[in-house]
Amino acid sequence: MDISSPETLAKAYEFSEVEKKWYAVWQQEKSFSAHMDPQRDSFAIVMPPPNVTGVLHVGHALNNTLQDVLIRYQRMMGCNTLWIPGTDHAGIATQNVVERQLASEDKSRHDLGRDQFIERVWQWRQEKGGTIINQLKRLGCSCDWERERFTMDEGLSRAVRTVFVRLFNEGLIYKGDYIVNWCPRCHTALSDDEVEHEETKGKLYHIRYPYADGSGHLVVATTRPETMLGDSGVAVHPDDPRYAHLKDIGIRLPLTDRTIPVVFDHHVQREFGTGALKVTPAHDRDDYEIGLRHQLEVIKVMDNSGTMNELAGAYSGLDRFACRTKIIKDLEAQGLLETIEDYDHAVGNCYRCHTVVEPTTSLQWFVSVRPLADAAVTAVRHGRINIHPKSWDNTFYAWMDNIRDWCISRQIWWGHQIPAWTCDDCGHLMVEETAPAGCSQCHSTSLTQESDVLDTWFSSALWPFSTLGWPEETQELKFFYPTSVLITSFDILFFWVARMMMMGLHFMDDVPFKDVYLHALVRDKDGKKMSKSTGNVIDPLVVMEEYGTDALRYTMTAFAAQGRDIRLSEERIEGYRHFINKIWNAARFSLMHINDCDPAATHNVQPAPMALAHRWILSRLNKTISEVHDSLAGFRFNDTASSIYHFIWHEFCDWYLEWIKSDLYGEDAAKKREAQTVLFTVLEAVVKLLHPIAPFVTEEIWHFLPGARPTLMTQSFPLANPAWEDNEAEESAALIMGVIGGIRNIRSEMQIHPSTEIEAFAICPDPIKSKRLQTHAPSIMGLTRTVHLDVLASGTVPQGTANYIFEDIEIFVPLKGLIDVEKEVAKLTRNKEKLEKQANQTRGKLSNEKFLANAPDEIITKENAKLTEFSLQLTKIDEAITRLLELT
């Protein structure tokens with residue numbers, strides 16, 4: 001590809017063309033490809049695979065930007081770097097997408113049959129599944145795209161079968177009846193992690209359960225009265241004297257002709273409510289456990305669609321919520337409804353379709369996770385895996401201590417079909433990696449494969465080693481396992497991260513990664529969750545088109561503070577677009593002066609004999625380099641971005657470039673060459689420092705620097721140079737900048753035109769500081785347009801001057817002849833009168849009861865803010881008038 005460029009940087013940074021050009025070059029030159037050099041350290045990341053159904057959102061943008069920052073940094077540090085990309089087959093989500101597509105054609109998956117439906121899903125994946133991958137490339141992700149994986153590809157499918165069979169043979173996978181979370185819409189079981197609990201305003205129904213002998217009743221409370229049709233007992237605490245007499249009497253279950261026993265169980269809290277608990281083993285997890293302990297009948301009164309079945313008697317055929325309404329009506333008619341109260345409680349919803357989940361009994365496949373979980377906890381406790389921020393450790397331990405066996409079967413068609421076969425003749429179950437030819441017991445060839453598929457998270461749990469070729473013993477596994485760091489959102493710590501720990505330790509006998517960085521959520525500027533319904537979603541693709549990819553990436557990095565949600569707004573992204581432009585303009589200015597520099601001259605810059613400005617900027621650059629290395633090592637991405645931003649904007653651009661202009665434009669050849677050499681050195685380092693966060697603008701600038709320029713990401717990242725550290729230069733520069741700032745402040749406050757030449761003097765009692773000021777007086781004068789500067793050890797403040805205090809130094813500027821006091825006071829007085837009028841109008845609004853009663857809260861807040869601002873401005877005007885009058 002021809003990447004020749006014009007001789008100079010364009011006046012404005014046109015990011016759209018630059019981004020397309022350089023990403024194409026990087027891919028063509030295979031700049032992202034992993035190498036396995038035994039002489040180098042290795043650094044590997046596996047991308048959290050986005051759903052194949054997904055499109056890029058701000059969460060992806062944050063997550064993948066941070067990964068790319070680390071990968072580009074480690075690549076420039078000389079490591080064998082590997083970033084494996086890929087997508088997840090997303091069983092339920094993808095099946096739902098294709099089923100909706102079929103519905104638009106008036107078809108269902110059952111019309112096609114399983115095999116044709118799966119073909120249809122693969123077809124959809126071929127046509128649409130690459131969308132998010134292309135969007136990640138748009139973000140600048142430097143993944144090794146030749147190693148892209150899919151959780152249903154041939155290699156990963158083999159790994160899934162191998163793991164399933166081994167766990168089954170080890171007794172860690174079993175099949176059994178158990179209470180599961182069931183989605184009536186998706187028609188599948190869900191793991192605990194796939195259920196989202198939302199606070200809901202509901203009702204608590206208090207129902208009278210009559211004693212079987214008619215001598216009285218007890219009251220139970222429930223939020224789901226429709227499940228009472230499946231009650232098989234009432235539980236009370238063994239030590240509760242109120243119910244001891246019911247042991248041999250039992251309860252007549254309302255609305256049915258059944259009598260159910262009273263059981264005595266320590267699970268019941270006798271102080272809570274009436275101390276009596278209805279027990280529905282088929283439709284409540286705690287009740288299921290109570291039922292097991294007391295051999296209660298399991299009565300399932302709903303089908304898989306949430307419709308009441310034949311065991312619901314007269315309510316058969318009703319939807320569960322319609323049944324609830326009818327039951328309450330019937331209870332009330334029979335005088336069995338004690339009371340109804342409003343009740344806020346957490347209701348479980350399917351994480352995919354948001355249907356209310358129904359706990360129910362079902363024959364499912366499970367992983368016995370306790371031994372696997374214990375190993376993962378030990379790895380974290382012993383520091384083999386470090387979670388960042390550390391505040392998540394206790395949450396991790398608490399969740400793992402209370403972990404339940406993992407339900408891994410799903411009643412859908414798209415996914416890894418469970419490799420288990422049952423003999424149709426003798427019922428023998430076989431679990432094999434490949435389909436058996438016949439029954440190992442009776443030799444029948446009539447076999448039926450398990451129709452369920454595995455939970456999507458099962459295949460994802462193998463991601464760190466399956467993507468490297470396991471179960472084969474590959475070179476990739478040797479070089480890159482365990483991987484270096486996992487970057488992901490905190491909300492899948494238990495969905496995915498914990499399970500990768502379990503599987504990696506069990507099958508690789510090593511941790512899957514050494515560090516886990518959990519980033520927070522991206523919210524809107526007010527801290528609210530982004531959602532389409534509220535209209536506050538920021539689309540990363542849109543803002544990249546508007547402000548450029550580097551601006552978005554820098555924003556994400558700058559606000560990625562550990563443990564703190566990101567408040568994102570377009571204004572912030574626009575702000576970092578200004579920063580990218582600042583870098584571009586600084587580079588344009590610099591290139592005007594260094595285009596004939598010899599790159600070799602910058603390789604061993606020794607600042608010791610140089611002028612203060614050069615010694616200072618090299619020392620500050622040195623410290624910035626150290627800060628960047630330190631912050632990236634600690635995953636403090638926001639500190640990395642802050643250090644680079646401060647150095648470039650506030651030190652390199654605001655001070656250094658201004659400071660050296662007199663040398664660059666001057667006649668002294670030696671000073672000019674010295675300035676050019678240091679400028680070249682600093683600009684080259686700045687471009688490298690910035691590259692991991694803002695790869696496009698830096699690559700473009702890089703290729704305009706003098707000398708042959710291979711791809712920037714293959715260059716060495718800057719290292720701190722002890723010879724550049726110069727605390728004395730930094731102290732002197734800080735002193736000079738403080739005095740310059742003081743003189744500039746006086747100019748601003750007194751409204752002295754920037755082109756007007758002034759005189760100044762400073763009273764500085766500290767002899768060391770005084771000497772430094774005298775030595776560098778020419779620099780101070782040049783940067784403040786001062787024609788005369790006196791530095792005195794002591795003295796009194798003369799009349800007719802404006803002053804500024806910096807540390808222990810008093811700075812004075814004589815104002816005679818510079819301003820017309822009377823004229824300036826008159827102008828300020830007019831401004832004051834205008835502001836007072838506006839303030840009075842606002843004050844009148846805020847004292848008007850009708851306005852306060854009818855205006856929206858945000859309008860009242862806005863008016864209060866205006867009044868505060870008016871007060872501040874009036875105070876400043878009064879201070880300015882006072883200062884001017886003192887001059888007379």
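Hi everyone: helices α7 and α15 are roughly perpendicular to each other (an angle of 65 to 115 degrees). This is a predicted model, where local features need pLDDT of at least 70, side-chain atom pairs count only at pLDDT 80 or more, and totals for chains, interfaces and linings use all residues. Residues are numbered from 1 along each chain as its sequence is written, and side-chain values use heavy atoms, leaving out hydrogens and water.

Back to our first pair. Helix α7 covers residues 154-169 and helix α15 residues 493-508; helices here are DSSP runs of H or I with at least four residues, and strands are E runs of at least two. They pack at about 75°, with axes 12 Å apart; axes are lines fitted to C-alpha atoms over the stretch in contact, and angles run from 0 to 180 degrees between N-to-C directions. Contact, meaning heavy atoms within 4.5 Å, is made by Val-163, Arg-166 and Leu-167 of α7 with Met-503, His-506 and Phe-507 of α15.

Now the second pair. Helix α17 (residues 549-558) packs against helix α18 (residues 570-594) at about 115°, with the axes 8 Å apart. That makes α17 roughly perpendicular to α18. Among the residues in contact are Tyr-554 of α17 and Phe-579 of α18.

Strand β7 gives the most, eight residues.

Conventions:
Angles under 35 degrees count as roughly parallel, over 145 as roughly antiparallel, 65 to 115 as roughly perpendicular and the rest as oblique.
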